[in-house]
Structures are given as structure tokens and as C-alpha cells.
Amino acid sequence: MDSGSVALLRELLDGSGWLERTRELGLALRATRSPGGLLVVGTPGDEPWHVTAHLSDEARFAGLPQLTPTLVRWNPPPDAPAHLRVGVERLERAARGETLFVLSEQQAPVPLLERVDDARRTGATILAIEGGDPELAGLAHDAIAVPRSGPVSFDGAQHLVSAAAGEVEQRRGLRERLARLLDKLSGPRVAD
């Protein structure tokens, strides 16, 4: 999904609550303290390559090195490049200041839940996009449930969160803030 498609999806979802939730989760991802401290993990049968690539791009484009993700894999091949060889044992070393971002469209398997619980106990922040799994949602500090029949697909939710994580907030000037306040108080200006 390119940036134009994400913008269209945002337009379609305006006012639904989805944008606010995905923006909150995206901002929470930015709370990670150091590059590589954002650990992205999925289930043994579904590794989150796609969202990891998007977060990597967002980190680079927005100048947010703490958003640079580490893909955690269940069975990485020993001859894979170093950045693709990070196994689930990395979750045992998760610490305060790091974030574990869990993606599980189906019910999370017990081994994943155990590792998430261990990471939480060591002080890592747990964030999740899940398909309605109460156990995973219960372990997460913040989670978005993506129902199968909802207005957003699981893939769409990942795109919205990763795009929100990379948004650079534009600080408004005094003139712009006053104009916005006046518009709120008196209503929009009508052209002559």
C-alpha cells in the first residue's frame, strides 16, 4: 500500500475512531528509547515482514532512529544476514525502554503468549495488533483488535499504525493557532 492509498484509507475512516486508535498506537511505538529496541514479532506461521519494512522506512524518512525495528523470527536460518537471524530468544533479553510489537491475526499460540508475558515482566512495553485474542490483549499495554468483519483489514491496520508512527508533528505558529481558535469561536469565514 503506497502513501496515496493510506491517505485514501484515512479519508474513508475519518470520524470512525480508527484513525485516532491507530495514531495512538503509532505514537506509542515511538516511545522506544533506542534503535533496534523496537522488537516486532508475529506467530510462527506469519512473520511480520511487511510492517517491519514499513517501520524501517518511516524511521528513516522521519529521522526517528528509535523507530528502527528488529524483526524477531521463530526459526531464522543460521546463514541468514545478521538482521534476519534474530530469533525469539531475543525476547528473553527484552528490557525497560524497549517495545515488543506483537502482530497476531489469529489467536496467539501459547509459546508466543509466554514470551510476551516474560518480556512484560522484565519491563518491556507490549503493543499489539490482534484479531480479537483476549489473552494477547490482556498482556499488552495497548492493543488494537481488528475484527474480520470490521471496516479495516489486518493489513490495513498495520499500514495505518506504521504511517502514524512516522508522522512528524508540525508545530503551528501563533498566527495559525489564533486563526483556528477564531474559526472555532465564530465559525468558518465566508468568502465575499
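1. Basis of the values. Because the model is predicted, local features need pLDDT of at least 70 and side-chain atom pairs count only at pLDDT 80 or more, while totals for chains, interfaces and linings use all residues. Residues are numbered from 1 along each chain as its sequence is written, and side-chain values use heavy atoms, with hydrogens and water left out.

2. Overall fold. The protein contains seven helices and five strands, where helices (H or I, at least four residues) and strands (E, at least two) are DSSP runs numbered from the N terminus. Along the sequence these elements follow the order α-α-β-α-β-β-α-β-α-β-α-α. Of the contacts with a separation of 6 or more, 68% are between residues 24 or more positions apart, a contact being heavy atoms within 4.5 Å.

3. Burial and surface. Of the 192 residues, 42% are buried; buried means under 20% relative accessible area, exposed over 50%, and partly exposed in between, with a 1.4 Å probe and protein chains only. The accessible surface is about 10900 Å², with 52% of it belonging to carbon and sulfur atoms, as computed by the Shrake-Rupley method with a 1.4 Å probe, where for residues only the protein chains shown count as cover.

4. Threonine 99. This residue is found in strand β3 and counts as buried at 2% relative accessibility. Leaving aside neighbours within four places in sequence, threonine 99 is in contact with Leu29, Thr32, Gly37, Leu38, Leu39, Thr125 and Leu127. Isoleucine 126 is 27 residues away from threonine 99 in sequence, yet the C-alpha atoms of the two are 5.9 Å apart.

5. Phenylalanine 154. Phenylalanine 154 lies in helix α6 (residues 154–165) and is buried, with a relative accessible area of 8%. Among the residues that it touches, not counting those up to four places away in sequence, are Leu103, Ile129, Gly131 and Val146. Between phenylalanine 154 and glycine 131, 23 residues apart in sequence, the C-alpha to C-alpha distance is 7.6 Å.

6. Salt bridges. The structure holds seven salt bridges, each defined as a side-chain nitrogen of Lys or Arg within 4 Å of a carboxyl oxygen of Asp or Glu. One of them joins the side chains of arginine 21 and aspartate 142 at 3.0 Å, N to O; since arginine 21 lies in helix α2 (residues 18–29) and aspartate 142 in strand β5 (residues 142–145), the pair ties together parts that are 121 residues apart in sequence. Another links arginine 90 to glutamate 98, with the closest N and O atoms 2.6 Å apart, and both of these residues are buried. Aspartate 117 and arginine 121 form a salt bridge at 2.9 Å; being four residues apart in helix α4 (residues 110–121), they are separated by about one helical turn. Arginine 121 is exposed, with a relative accessible area of 66%. Salt bridges with shared partners also join Arg21, Glu24 and Asp142 into one network.

7. Nonpolar patch. Leu174, Leu178, Leu181 and Leu185 make a nonpolar surface patch of about 420 Å²; such a patch takes residues with over 30% relative accessible area and no salt bridge, nonpolar side chains (Val, Leu, Ile, Met, Phe, Trp, Tyr) being joined within 5 Å and like charges within 9 Å. Leucine 185, in helix α7 (residues 174–186), counts as exposed at 67% relative accessibility.
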